[in-house]
Amino acid sequence: MAEPVNRALPTAHAALARLRRGECSSEELVRDVLGRIRATDGGIGAYLWVDEEDALGQARAADARRAAGNEGRLLGVPVAVKDVLNVRGQPCTCASRILRGYVAPYDATAVARLRAEGAVFAGRTNMDEFAMGSTTENSAVQVTRNPRDPERVPGGSSGGAAACVAAGEAVVALGTDTGGSIRQPAAFCGCVGLKPSYGRVSRYGLTAFASSLDQIGTLSADVRDAALMLQVMAGADCMDSTCLDAPVPDYGAALRDDLRGMKLGIPREYFVGGLAPEVETPVRTAIEQCRALGAEVAELSLPHTEYAIATYYVIAAAEASANLARFDGVRYGRRARAESDPMTMYCRTRAEGFGAEVKRRVILGTYVLSSGYYDAYYLTAQRVRTLIRRDFEKAFAHCDALLAPVAPSLPWRLGEAADDPLKMYLGDIYTVTANLAGICGMSVPCGSSADGLPVGLQILGPALGEEKVLRVGHAYEASASRPAAGP
Amino acid sequence: MTSEEGRGADAAAIDVAYVARLARIDLTPEEQARFQRQLDEVVAYVRKIREPDTSGIEPTAHAVAVRNVFRDDAPRPGLDRGEVMANAPAVVQGLFRVPQIVE
């Protein structure tokens, strides 16, 4: 059941070991990745943009830096970036028509920190427009297919990032998670997806969707790479006042092969009703595996889970409607041709520039914030958010981390939920809670369905409890890769 | 008073044509009909948030409360003007050009 699906995929830590021993150069490593993109991305569509010459130039610069004796924690490692994060001089379109042609004039803080450690930025990955969606089908540019089954979606909104890692077209990728947008595509594609706690990584340079929920994280082949990337990106930033000034622990030191002394909770409400048996079986097996690794496992309750989707879609839509007001055709991006007066210019620019899901959410968000509805929807949702946050605080008073499924179903078929927004929203039930509560979470591959479709185990930890989540994920992953330890 | 305000918060109805105007988005008749149907469904669903007892519960605006975050008041370079203006849809003499606003 728990086969090591990622054994064949490249990892940053293995690449760094080879680079440091002089067994390969960054140029060779980047050429390999570019070759893989050329060979396979035509059938997957993970990347929106790749600049081979620029990537090779960055790689040669990394090799020169190493030759000069100036090491870096990611020196020479290619990183794919979701098209919502600014990388100076590269396009940043959020997979939207309204930002076609936009070139980022600065680096996001997370990008700048990776760059300072020598990372190579080779390309931009596809996503649901403005990160709104769960399948990447809301991209205004192209379809991305699941590398494990091309008739299936890769999940979303970081679908391109998950697909490129799962296909070996990137060593590691940056994504963003507002309601599950890293964890769910990681589960759907069979890779590791880490969403840090709110405030752990600066959001400066991330095009905002829902500012109180958005967080930058990673998609990677294994947990060690997630720890390595977080180590570089985490920590206070004067450009984002919500980024926490809390010490950054040594995440690599948290990775151990057993779970002795850890208490893991199983939230009852995450295993009811709509959970597909093909998902539940591998997740239950993974939980038993964690018990076998020495963890104490106990059921508990998160009683307000059933209100999470409604709460999330009110708050996320409200924040989106405010954040996306900036796309008015004045300062950047597309402007509609007819511009006889400002009102006509705004309305037509946004009509032509936004896709259906973005329009729906902006309209919904405008509605819940409008006069006469603000208290009934937005303020009430914020109060229920408090109840959801308290559920987690109570749970983490008794346990170190929680284990749960990531998504209630296997990856959908392309087109299956494309024009049924409520159906798509309900698929986010196990992931939106972490964003509402501000806690951290990670998806780790935990086997496959009978058809070979990947399933993810979700590990949730308290705010700033990334060490615990990484420890559980690493121990489970390591045991699942050891043939003798399998069930 | 608009038709929306008169209905009160208990009405589940969302007037998509009206709200789209507030949001500055032109809709085609087809979009208006489709979004009306879809958002009626979504709004009916999100009313679930009124089920739990929230009396006396403080609202959460941000999951992690931080207050009065200051940085050093030190000057530093801003973005490169040329790079920023290169992204503008219409520029005149280094300024954003917009339709006439004041008669």
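**Note on confidence and aromatic contacts in the predicted complex**

1. Where pLDDT is low, the predicted coordinates should not be read in detail. Chain B as a whole averages a pLDDT of 87, with 88% of the residues scoring at least 70.

2. For chain A the mean pLDDT is 95, and 97% of the residues reach 70 or more. For the complex, the predictor gives an ipTM of 0.93 and a pTM of 0.95.

3. Turning to the rings, the count comes to 14 aromatic pairs over all chains. One of them joins A:Phe130 and A:Phe354, whose ring centres are 6.1 Å apart and whose planes stand at 85°, so the pair is edge-to-face, given that plane angles over 60 degrees are classed in this way. A:Phe130 belongs to the loop between β3 (120-125) and α5 (159-166) of chain A, while A:Phe354 belongs to the loop between α10 (342-353) and α11 (356-369) of chain A, so the pair ties together parts that are 224 residues apart in sequence.

4. Are A:Phe130 and A:Phe354 buried or exposed? A:Phe130 counts as buried because its relative accessibility is 2%, and A:Phe354 likewise counts as buried, at 0% relative accessibility. These two residues also take part in a cluster, in which ring pairs link A:Tyr102, A:Phe130, A:Phe327, A:Tyr332 and A:Phe354.

5. Another aromatic pair, that of A:Phe392 and A:Phe396, is stacked, with 6.2 Å from centre to centre and 20° between the planes. Both residues lie in helix α12 (residues 374-396) of chain A, where A:Phe392 and A:Phe396 are 4 residues apart, about one turn of the helix. A:Phe392 has a relative accessible area of 2% and is therefore buried; A:Phe396, with a relative accessible area of 15%, is buried as well, since the class covers values under 20%.

6. Charged groups also sit over rings, and two cases may be set out here. Within chain A, the charged end of A:Arg284 sits over the ring of A:Phe271, at 4.2 Å from the ring centre. Between the chains, the charged end of B:Arg50 sits over the ring of A:Tyr377, at 4.9 Å from the ring centre.

Conventions:
Residues numbered from 1 in each chain as written. Chains lettered and ligands numbered in written order. Predicted model: local features only at pLDDT ≥ 70, side-chain atom pairs only at ≥ 80, totals over all residues. Heavy atoms only, no water. pLDDT = per-residue confidence, 0-100. Phe/Tyr/Trp six-rings, centres within 6.5 Å; stacked < 30°, edge-to-face > 60°. Helix = DSSP H or I, 4+ residues; strand = E, 2+ residues; numbered from the N terminus. Buried < 20%, exposed > 50% of the residue type's maximum accessible area, 1.4 Å probe, protein only. Lys NZ or Arg CZ within 6 Å of the ring centre and 35° of its normal.
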